[in-house]
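Please read it beside the sequence and the model.

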Amino acid sequence: LKGGLKMKRIAIVLLVLVLAMGMVFAQGKGEKEATGRRTLRISAESWQISKIYLEKAKEIFEKNHPDVDVEIITLADQNVLANYVIDWSKGNTETDLVFLDGGYMAKTYLAQGLIYDFDKELNFFKDFPKSKYQPGALETGVYEGVQVCVPAIYEVYGISLNKKMFQEAGLVDANGEPLPMKTWDDFYKFSEKLTKKDAGGVVTQVGSSIQFGNNLTGIIGGAIVAQKGHITKPDGYTYDFDFPEFVNMVDLWQKGVQNGYISTSTFVDNAGGRNGFKAGQIAMVYEAAGRWMEAIPTIGIENLSLAPIPGGKGTFAFGCQMAIPKASKNADLAMQFIKEGVYSEYVQVNTFTKFGKMSVIKEHFNKALDETPMWKKLSDSMENGVRIPQWQDQAKWLTGLNVIFQEGLVDPKTSARDIVNKMTALSDSLKK
């Protein structure tokens, strides 16, 4: 009898444990908690949280869904995203929606089957037509032909100008607007005229800055598409940079650096160019086109302007992407959060007008454009915004390019042809 009672007690204890584990597991699947509520977890870097107004998106979404709590997890940096591979491959996740700067890690997640296809698996566009997006925006989330991401915002490259400095240098038209730079020869000549040196030959105002740091792949991609209308060869992966105009451009960059007309501040500080521009020490910067907006508090909007990349046939476009892990059981909530929160008018218009992070939704884009007409100066090039290819050896490509350019541009013994040949050798050695 005692043995029977003992067995019953063990059975009851085991049953309680099983039920308890079942409740925990069920909550992990995103089912309603005992309170009848659900929790949606979102992971993003601090700049994404602030500049894409994720707290406001959370407020909008929670108001629409009183039974859902939105938890925003701040990622220290992009390196954290690599850790998700291990958890997701085991069916576990601490997040239901992750923001990927420039689509970082998206190709890796796709290769291992860790994130959803928004089109075929989630039917995201069933009640949210693709026609709502700005031309080219949605394509920034396609990898290997699969829509594994959708963009939160996107950006393009251009040249931010200090109009006052252009006026002082006589580089303006009858209306006081900066003269166009149709070619890289124009860019070089303008950089020379905009550079000031004191009696001792020390540079006191630099003509221009080019982002030779962490964004060099985008700089190169933007320069190619502006001149050729595309970035890659027909294979869709290999940069199409070996042509006379590109070699001439590299030669001009090299002369500009060696003569002090083009800043080398981005060699050591990724923000060196923009900071110098905001401080009124650099006349123009070629990088993400929103830099002019960052300079409004220090320079004044009346002294700023914007120009397309020489060539004008297109620009490098990139987006902050959103992905939903298959390990999440809250994909339905994540999709609704995107549509109702991230794609809300408040978020999409303000991220554009306040930070230059462009709206991916056509209706909101047009509204923001009316409020910030400066962006219309890039209208033609934005019509052909092209993403750079993402390689398996992407990190090695960027690191290698940094070495090639930062060493070659300052070395009088290295020619532009040498630099392009080294680019070709590096490209051929890497996995695409």
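## Charges over rings

A charge is taken to sit over a ring if NZ of Lys or CZ of Arg is within 6 Å of the ring centre and within 35 degrees of the ring normal. The charged end of Lys 132 meets this rule over the ring of Phe 128, at 5.3 Å from its centre, and Lys 130 lies over the face of Phe 125, 5.1 Å from the ring centre.

This is a predicted model, in which local features need pLDDT of at least 70 and side-chain atom pairs count only at pLDDT 80 or more, while totals for chains, interfaces and linings use all residues. Residues are numbered from 1 along each chain as its sequence is written, and side-chain values use heavy atoms, with hydrogens and water left out.

## Aromatic pairs

Rings of Phe, Tyr and Trp (its six-membered ring) pair if their centres lie within 6.5 Å, and planes under 30 degrees apart count as stacked, over 60 as edge-to-face and the rest as tilted; the count by this rule is 32 aromatic pairs. Phe 61 and Phe 337 form an edge-to-face pair, because their ring centres are 5.5 Å apart and their planes stand at 75 degrees. Since Phe 61 belongs to helix α3 (residues 54-64) and Phe 337 to helix α13 (residues 331-342), the pair ties together parts that are 276 residues apart in sequence. Helices here are DSSP runs of H or I with at least four residues, and strands are runs of E with at least two, numbered from the N terminus.

Buried means under 20% relative accessible area, exposed over 50% and partly exposed in between (1.4 Å probe, protein chains only). Phe 61 is buried at 0%, and Phe 337 is likewise buried at 0%.

## The largest cavity

On a 1 Å grid over the protein atoms alone, a cavity is a set of points where a 1.4 Å probe fits but cannot get out, and lining residues have an atom within 4 Å of a point. There is 1 cavity of 30 Å³ or more, and the largest cavity holds about 30 Å³ of space. Its lining consists of Pro 135, Gly 136, Ala 137, Thr 140, Tyr 154, Ala 317, Met 382 and Gly 385.

## A residue of strand β6

Asn 162 is found in strand β6 (residues 150-162) and counts as buried, because its relative accessibility is 5%. Leaving aside neighbours within four places in sequence, Asn 162 is in contact (heavy atoms within 4.5 Å) with Phe 277, Ala 283, Ile 299 and Asn 303.

Terms used: 1 Å grid on protein atoms, 1.4 Å probe; cavity = no way out; pocket = protein on both sides within 12 Å on 5 of 7 lines; lining within 4 Å. Points joined across faces, edges and corners; volume = space filled by probe spheres on them.
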